[in-house]
Amino acid sequence: MAKPLKVDDAWLERIAGLLNDMEFGSLHIVVHEGQIVQMERTERKRFGNTPSGADSPEKSTRSSTRQHVRRPGEKQQK
């Protein structure tokens, strides 16, 4: 049987922080044994065509941020 997921105000703030100002993208939340252990944010920046074409890439760009959450008793990686 699956363990119930525990999401308190601190987790809601972390999730909201990663979603803040995102126009296009996704937030992937990894849960292990009823606890959030990792969150991955993938964001796409889209630019419209401009008459001069300056400062406007033709294709969208993509950036990714990964946040690993240490579980109690887990050693910090170097």
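**A colleague's note on the predicted model**

1. Let's start with confidence. This is a predicted model, with a mean pLDDT of 78 for the chain, and 64% of its residues reach 70 or more.

2. Among the elements, strand β1 (residues 24-32) has the highest mean pLDDT, at 94, while strand β3 (residues 61-68) has the lowest, at 63.

3. Now to the charged side chains. How many salt bridges does the count come to? The count comes to 2 salt bridges. Side chains of opposite charge can pair when their charged atoms come close. Through shared partners, the salt bridges join Arg41, Glu43 and Lys45 into one network.

4. Which of these three are buried, and which partly exposed? Arg41 has a relative accessible area of 13%, so Arg41 is classed as buried, the cut-off being under 20%. Glu43 is also buried, because its relative accessible area is 9%. Lys45, in contrast, has a relative accessible area of 40% and is therefore partly exposed.

5. Next, the aromatic side chains. A search of the whole structure for aromatic pairs finds 0. Charges do sit over rings, though. Which residue lies over the face of Trp11? Arg14 does, at 4.4 Å from the ring centre. Likewise, Arg46 lies over the face of Phe24, with a distance of 4.6 Å from the ring centre.

6. Leu5, Val7, Leu12, Ile29 and Val31 make a nonpolar surface patch of about 390 Å². One of these residues, Leu12, is found in helix α1, which covers residues 9-19. Is Leu12 buried or partly exposed? Leu12 is partly exposed, because its relative accessible area is 47%; a patch residue needs over 30%.

How values were computed: Residues are numbered from 1 along each chain as its sequence is written. This is a predicted model: local features need pLDDT of at least 70, side-chain atom pairs count only at pLDDT 80 or more; totals for chains, interfaces and linings use all residues. Side-chain values use heavy atoms; hydrogens and water are left out. Patches are made of residues with over 30% relative accessible area and no salt bridge: like charges are joined within 9 Å, nonpolar side chains (Val, Leu, Ile, Met, Phe, Trp, Tyr) within 5 Å. Accessible areas come from the Shrake-Rupley method with a 1.4 Å probe; for residues, only the protein chains shown count as cover. A salt bridge is a side-chain nitrogen of Lys or Arg within 4 Å of a carboxyl oxygen of Asp or Glu. Helices (H or I, at least four residues) and strands (E, at least two) are DSSP runs, numbered from the N terminus. Buried means under 20% relative accessible area, exposed over 50%, partly exposed in between (1.4 Å probe, protein chains only). Rings of Phe, Tyr and Trp (its six-membered ring) pair if their centres lie within 6.5 Å; planes under 30 degrees apart count as stacked, over 60 as edge-to-face and the rest as tilted. A charge sits over a ring if NZ of Lys or CZ of Arg is within 6 Å of the ring centre and within 35 degrees of the ring normal. pLDDT is the predictor's confidence in each residue, from 0 to 100.
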